[in-house]
Amino acid sequence: MKDNYRIQKLKTIAKRYARANRLAHSLSLDVVAKELGFAHWNTLIGASKADWFPCDDDLTKIESFIGKAFHAKRENETDVILNSVDDMNQVEEGKIGEYGFRISNFLDDAVVYGEGWTVRIPEAPLAAPFVEIEERYAETSPVKEPEFLKQVIDIAQVYSQQIRARMSTDWSRRSTKPDANGKVRHPLGKDVSDKWYCWDCDGKITGLQIAQNLWHCPSCGANPLHIHPEPFGSDDSETHPVEIPEQGGRLEPIIQLVDARLKLELNEENISMLIRCALLEEATNTNERLGAMLAQISVIDNEAVYITFDEDLWPEDKEPIQALAVAKLLGLEVEQEVSQFTAPFAWPELGVLTSSTHEYTKMLMDAYSEHGVISR
Ligand SMILES: [Zn+2]
């Protein structure tokens, strides 16, 4: 079982190599096999049917051959070591001093979570890290200490680099490596140029700059969809050259206090939903269910809830006991009204005869067939 897993793992690695190098999968399987001393992938599979299986060293060898960028052990100056991961959606755990943290990939941002704080490193290589501290930890959170925060950001940076390395393996090589004339290819299209324009901020960007910043605008952080080979409106005079800060220079972190407690919003929408839910709970036939669904519910001045029933659907003498109980719990008085607004179907008396929607639909179709018409 375990050995089969290792063959699968070799296949996965080969697939990644194929994508990164735009090779056919079968060719990259052969590349992997050759690295392990076999003539072809088929020879390797033949050997695995006898008594050969890749050992840990073989896997490590292949991984480092395929690309150190996202398989090398990640180590940084804080001595926190994160294991290499195949699945960037996995959550990893670590510790800085006495404080535990988790790190994961959220929509290609690297996010570190601790108790009462998160640090997010956006996908755009130069964008500022976002730090959020829950209000109740405002005084005690370790990320308030610049030294601790720096360590967290360093760890997240390494992780973020891995996310980006993985993203760019899906791109053409020419997207991340300018040719001798500084020309690069847009990762999501076919355009090749040495000059690029951000349509969000009118920044004028060189091929090298845009490749370095992995196709995010170095000036405003706009994503690759906003980067084009010609200026917006085709007018070069409106544009301005962008500058890239020194290597690795993300902007200063933005720190915010947040109230992360779960909040029950007792607004009109939510109150109406609870009241309607209670009405449905005590509906005993199809008509009353329709009546509960179509009742008009409004909240006035946070003091009273008005329920207007359709007289054809909800019996006038029926007390909505559950809805009254819910309203009481919410500290609201209830005003009930009856009105005639258009019931959705003719012959409302049919809906009193059954609580089965199936049966009701059949009665409706029969009645309309006989006395009216069914339109679609
Ligand atoms: Zn821009």
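Let me begin with strand β3, which pairs with strand β4 (residues 99–106) in the antiparallel sense over five bridges, where pairing requires that DSSP finds at least two bridges between two strands. One of these bridges joins Lys 95 to its partner in β4, Gly 100. Please keep in mind that this is a predicted model, in which local features need pLDDT of at least 70, side-chain atom pairs count only at pLDDT 80 or more, and totals for chains, interfaces and linings use all residues. Residues are numbered from 1 along each chain as its sequence is written. Helices (H or I, at least four residues) and strands (E, at least two) are DSSP runs, numbered from the N terminus.

Stepping back to the sheet, we find six strands in the order β3-β4-β5-β6-β7-β14, forming an open sheet with mixed pairing. Because β3 (92–96) and β14 (254–258) stand at the edges with a single partner strand each, one side of each is left without a neighbour in the sheet.

Now, what lies across β3, β4, β5, β6 and β7? That is helix α5 (residues 146–168), which runs at about 145° to β5, the angle being taken from 0 to 180 degrees between N-to-C directions of lines fitted to C-alpha atoms, for helices over the stretch in contact. Contact means that C-beta atoms, placed from the backbone, lie within 7 Å. The buried residues of α5 include Val 152, Ile 155 and Tyr 159, buried meaning that 20 or more other C-beta atoms lie within 10 Å of a residue's own.

Finally, Leu 29, Asp 30 and Ala 33 of helix α2 meet Trp 41, Thr 43 and Leu 44 of helix α3.

Notes
Contact = placed C-beta atoms within 7 Å. Buried ≥ 20, exposed ≤ 12 C-beta atoms within 10 Å, placed from the backbone.
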